Amino acid sequence: AKYIGQTHQMGNFQLQVVSVTPRVLVIDNFLSPDECQSIIHTSQTQGLELSTLHTGATAKQTRDLSTRSSSNTWLPRDTNALTEKIYQQAAQVMGLDPELFQKFHDSSAHHHSIAESLQVVRYKKGGEEYQPHHDFIYPSINHRYQPTRFATLLVYLNTVPEGQGGETRFPRA
């Protein structure tokens, strides 16, 4: 990301730079409207629960409604064919081997997944939000793989009229 408006072709997807620092790129049509509805339905079937935060050096889960007021669920890669497709497409736009996004049971570092399950988050109309935050945690020094997020892929599953919420802001962009 060298300048705003720059585009990159990654497989079937075009990425457009909308911020250089932090790096923010937009990918139109990452999922079809039917696929978005399918993910919404799957997450509702799975069950949405009050979202938690990972805080502190030990990444302890807490609920803090003043910081994050939403509900969410996690969908593993093997949930269905669509979640598998999402992992494949995410690897494509990041230029990574999709096998790195697979959860393996082998104990060697070469077979450790670098991706979390898909987190589906629902914000209801009327003030639910997630206050500005860094989208990573510092892993425990005792954790074998030292996992932390190096990229976040946000997929918007529905459209909200402008001015009625639903946006993501990058206050330092």
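## Helix packing

The axis of a helix is here a line fitted to its C-alpha atoms over the stretch in contact, and the angle between two axes runs from 0 to 180 degrees between N-to-C directions. In this predicted model, helix 1, which covers residues 33-46, packs against helix 2 at an angle of about 120°. The axes of helix 1 and helix 2 are 10 Å apart, and the crossing of helix 1 with helix 2 is left-handed.

The contact between the two helices involves Glu35, Ser38 and Ile39 on the side of helix 1. On the side of helix 2, Leu82, Thr83, Lys85 and Ile86 take part.

## Overall architecture

The protein is built from two helices and eight strands. Read from the N terminus, the elements follow the order β-β-β-α-β-β-β-β-α-β. The protein has 173 residues, of which 24% count as buried. It exposes about 12200 Å², and carbon and sulfur atoms supply 51% of that area.

Among contacts in the protein with a separation of 6 or more, 52% are made by residues 24 or more positions apart.

## Salt bridges

The structure holds two salt bridges. One of them joins Lys85 to Glu35, with the closest N and O atoms 2.3 Å apart. Lys85 belongs to helix 2 and Glu35 to helix 1, so this pair ties together parts that are 50 residues apart in sequence. Lys85 and Glu35 are also among the residues through which the two helices meet. Glu35 is buried, with a relative accessible area of 16%, whereas Lys85 is partly exposed at 33%.

A salt bridge also links Glu84 with Arg77, where the closest N and O atoms are 2.8 Å apart. Glu84 is partly exposed, with a relative accessible area of 29%. Arg77 has a relative accessible area of 7%; buried means under 20%, so Arg77 counts as buried.

## The surroundings of Arg77

Arg77 is placed in the loop between strand 7 (71-75) and helix 2. Leaving aside residues up to four places away in sequence, Arg77 touches Thr83, Glu84, Tyr87, Gln88, Pro98, Phe101 and Gln102. Glu84, one of these contacts, is the salt-bridge partner of Arg77.

## Backbone features in the loops

The peptide bond from Thr21 to Pro22 is cis, its omega being near 0°. Pro22 is found in the loop between strand 2 (13-19) and strand 3 (24-27).

Asn29 has a phi near 60°, which is a positive value in a residue other than glycine. The loop that holds Asn29 runs between strand 3 and helix 1. Is Asn29 buried or exposed? Its relative accessible area is 69%; exposed means over 50%, so Asn29 is exposed.

## A nonpolar surface patch

Leu100, Ile114 and Phe150 form a nonpolar patch on the surface. Together, these residues have about 280 Å² of accessible area.

Leu100 lies in the loop between helix 2 (81-94) and strand 8 (118-122). The relative accessible area of Leu100 is 31%, and Leu100 is partly exposed.

Conventions. Residues are numbered from 1 along each chain as its sequence is written. This is a predicted model: local features need pLDDT of at least 70, side-chain atom pairs count only at pLDDT 80 or more; totals for chains, interfaces and linings use all residues. Side-chain values use heavy atoms; hydrogens and water are left out. Patches are made of residues with over 30% relative accessible area and no salt bridge: like charges are joined within 9 Å, nonpolar side chains (Val, Leu, Ile, Met, Phe, Trp, Tyr) within 5 Å. Accessible areas come from the Shrake-Rupley method with a 1.4 Å probe; for residues, only the protein chains shown count as cover. A salt bridge is a side-chain nitrogen of Lys or Arg within 4 Å of a carboxyl oxygen of Asp or Glu. Helices (H or I, at least four residues) and strands (E, at least two) are DSSP runs, numbered from the N terminus. Buried means under 20% relative accessible area, exposed over 50%, partly exposed in between (1.4 Å probe, protein chains only). Contact means heavy atoms within 4.5 Å. A crossing is left-handed if the near helix is turned anticlockwise from the far one by less than a right angle, and right-handed if clockwise.
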